[in-house]
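Hi everyone, thanks for making time. Let me put the structure up and walk you through it.

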Amino acid sequence: MEKEPAPEGVELLAVKLDGSSTTPSSYDPHAYRDVPNPTSTLGTFVHVMKSALGIGILSVPYAFRNGGLVFGVFGAFFFAMLCSHSAHILVSTSYKICKKERIPVLGFAETVEKACANGSAAVRTLGTALRSVRKMCFVCSLVHVYDSLHRNIIDWYLMLTTVVVFIVFVGTTLREVVNYRTGWEWTERTYILLVGVPILFITQIREIKYLVPFSAIAGFLIFANIVISLIFIFQEPLTLENRRLFPSASTVAPYMGIVYFALDATCLIFPLENQMRHPQHYLGCPGIVNLNYICLAILYSFFGAVGYIRYGDAVESSIILNFPTENVLVSCIQVLSAVAVLFSIGLIFYVPTEIAWKKLHTKVPKQWSGLAQSGLRLAMLLVNIAAACGIPHLGTFMGLLGAVLNPILALWIPIIVDTVYRWPNHFGRLRWRLLKNLALCCFGLFLLVTGTISSVNNIIQLYQ
């Protein structure tokens, strides 16, 4: 039977029809996905691990300086559980909507829209308001390809912030290492343009399945960084003397901001799950998401604790700064960090380019399809490189944008989706799920306010 077009809301996948007759209760969205090159369970595990394990782990000992040993360990497990919970409520709600409406797959923005559309009149008004917010954010991002693209502002935000910051980090890190070791005086912009060459080839990979080796290599390099850091940490005996166990009122917020944002990978939840060969392995017990965050919580707790125990209140914002700069292993850590981030760009770049291509490919003659897609990816990359070269101190301003948008995308939107889908009578005994969502919403507001204040202070210090 000839395939029909995918229903509204499906961005990356088509519908697979087998001619069978199913009722809504027996419809399984997973069985009707048509993924040309699906990712294996192991490959998805590698992607999820790499998306939540980055160079941010090198700042976790500094977070433990603020949070203390006992609170730090429990906090790491709490935030890992929170990230896992956000993924569960988003993906499970999306699955229920797909099952109800007989749609094989939905993306992040489409799940929000359809969850609100299925609610009461008040909830549908909320859905309209959320869509308007996405439109305003879209205008602010100065991206105007097609009007329907504001449904994917989440993915555009991911590309136009994370990719640029990654490019700046790689160029800056290589400048510090190479100029220090060679005595050269090359500028940061020179290194950004040089790293643009390998990034050009990485971003031309069009299937998420073929990005698995890059995620695996990046994850291995991060682990190598951790091992080298542990060599420095354990060079001398560790002592618990004068090491705080709990935070003060003024240090709770910095601890939470560092650990939570180091673990968060909400924007990649749907792209990874939607491309799986066996998406039923994504959630549940043990499930890919749960296993990843258990491993990450253990790793973050151990590394943060021993790093803080070793250096105490002298631990720097990145533990690399505590190591002797003349030691060649320190330069190795910096180079490995830069290469790990370089290999991560392909995964971050994948989603927005795929969405843009889905909107544009109908306007391109079939014989020019491959060339046009390559040109689109090249144009998007050039925009990011131009931003990285042209805007001074971009990372600091992107930190402010992340402090505002990350709690909204990673915490509030999953809560809204879960609440409006269950409204008004599906919150369990004594409406405990509603109370839980209200508590998490208040916690998200706390993260947003404290993160924004911290980022604004960083900008003020930059220009003083």
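**A quick tour of the chain**

So, the surface: the chain exposes about 21200 Å², and carbon and sulfur atoms supply 67% of that. Those areas come from the Shrake-Rupley method with a 1.4 Å probe, and for residues only the protein chains shown count as cover.

Bear in mind that this is a predicted model: local features need pLDDT of at least 70, side-chain atom pairs count only at pLDDT 80 or more, and totals for chains, interfaces and linings use all residues. Residues are numbered from 1 along each chain as its sequence is written, and side-chain values use heavy atoms, leaving out hydrogens and water.

On pLDDT, the predictor's per-residue confidence from 0 to 100, the chain has a mean of 79, with 81% of its residues at 70 or more.

Now, how many salt bridges are there? The count is five, taking a side-chain nitrogen of Lys or Arg within 4 Å of a carboxyl oxygen of Asp or Glu.

One is Glu-236 with Arg-310, closest N and O atoms 3.7 Å apart. Glu-236 sits in the loop between α8 (212–233) and α9 (252–263) and Arg-310 in helix α11, so they tie together parts 74 residues apart in sequence. Helices here are DSSP runs (H or I, at least four residues), numbered from the N terminus. Arg-310 is buried at 19% relative accessible area, while Glu-236 is partly exposed at 46%; buried means under 20%, exposed over 50%, partly exposed in between (1.4 Å probe, protein chains only).

Another pairs Asp-418 with Arg-422, at 2.8 Å from N to O. Both lie in helix α14 (residues 394–422), four residues apart, about one turn of the helix.

Note on methods. Helix = DSSP H or I, 4+ residues; strand = E, 2+ residues; numbered from the N terminus.
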